[in-house]
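Below is a short report on one protein model. It covers packing, surface and charge pairing in turn.

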Amino acid sequence: MKNILTILTVLLLFAIPAKATVDNDFEKANELYKAGAYSEAIDMYNSVLAQGYTSAALYYNLGNAYFKQGELAQSILAYERALRLSHS
């Protein structure tokens with residue numbers, strides 16, 4: 001039992017910084033979007049996705065950034081993924 005608790009503690013210690021990084025990157029992407037830096041926001045949203053995080057809000061914001069860049073096919077795909085996640 002003690003070994004299991006030790007393993008879980010170590011896993012949690014690694015998970016907390018990873019979650020903080022994802023949260024920071026997501027917030028940075030949102031700030032870039034608000035500043036009108038849509039291309040950079042897209043890159044940052046995709047970086048968050050590459051870290052293994054997905055959510056309806058992330059895909060919705062990514063869709064908005066693609067839309068602002070005039071990339072309609074990419075925006076539709078992101079909106080559809082957001083919709084699918086929101087109904088899961």
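**Core**

This is a predicted model. Its largest nonpolar core holds 16 residues. Tyr45, Leu58, Tyr59 and Leu62 touch the most other members. Four helices each supply at least two residues of this core: H1 (2-34), H2 (38-50), H3 (56-68) and H4 (72-86). H2 gives the largest share, six residues. In soluble globular proteins, nonpolar side chains tend to be buried together.

Take Tyr45 as a way in. What does Tyr45 contact, leaving aside its neighbours within four places in sequence? The list is Phe26, Ala29, Asn30, Tyr33, Leu58, Asn61, Leu62 and Ala65.

Val22 sits in helix H1. Its relative accessible area is 7%, so Val22 is buried, the cut-off being under 20%. Beyond residues up to four places away in sequence, Val22 touches Val48, Gln51 and Tyr53. The C-alpha atoms of Val22 and Leu49 are 8.9 Å apart, while 27 residues separate the two along the chain.

Asn64 belongs to helix H3. Is Asn64 buried or exposed? Asn64 counts as buried because its relative accessibility is 17%, and the limit for buried is under 20%. With residues up to four places away in sequence set aside, Asn64 touches Tyr33 and Tyr79.

**Surface patch**

Some nonpolar side chains show at the surface. Phe67, Leu72 and Ile76 form a nonpolar patch there. Together they have about 300 Å² of accessible area. Ile76 lies in helix H4. At 46% relative accessibility, Ile76 falls in the partly exposed class.

**Salt bridge**

How many salt bridges does a search of the whole structure find? The search finds one. It joins the side chains of Glu31 and Lys34, with an N to O distance of 3.7 Å. Both residues lie in helix H1. They are three residues apart, about one turn of the helix. Glu31 is partly exposed, with 40% relative accessible area.

**Accessibility at a glance**

The table collects the classes given above.

| Residue | Relative accessible area | Class |
|---|---|---|
| Val22 | 7% | buried |
| Asn64 | 17% | buried |
| Glu31 | 40% | partly exposed |
| Ile76 | 46% | partly exposed |

Key: Residues are numbered from 1 along each chain as its sequence is written. This is a predicted model: local features need pLDDT of at least 70, side-chain atom pairs count only at pLDDT 80 or more; totals for chains, interfaces and linings use all residues. Side-chain values use heavy atoms; hydrogens and water are left out. A nonpolar core is a set of buried Ala, Val, Leu, Ile, Met, Phe, Trp, Tyr and Cys residues joined through side-chain atoms within 4.5 Å. Buried means under 20% relative accessible area, exposed over 50%, partly exposed in between (1.4 Å probe, protein chains only). Contact means heavy atoms within 4.5 Å. Patches are made of residues with over 30% relative accessible area and no salt bridge: like charges are joined within 9 Å, nonpolar side chains (Val, Leu, Ile, Met, Phe, Trp, Tyr) within 5 Å. Accessible areas come from the Shrake-Rupley method with a 1.4 Å probe; for residues, only the protein chains shown count as cover. A salt bridge is a side-chain nitrogen of Lys or Arg within 4 Å of a carboxyl oxygen of Asp or Glu.
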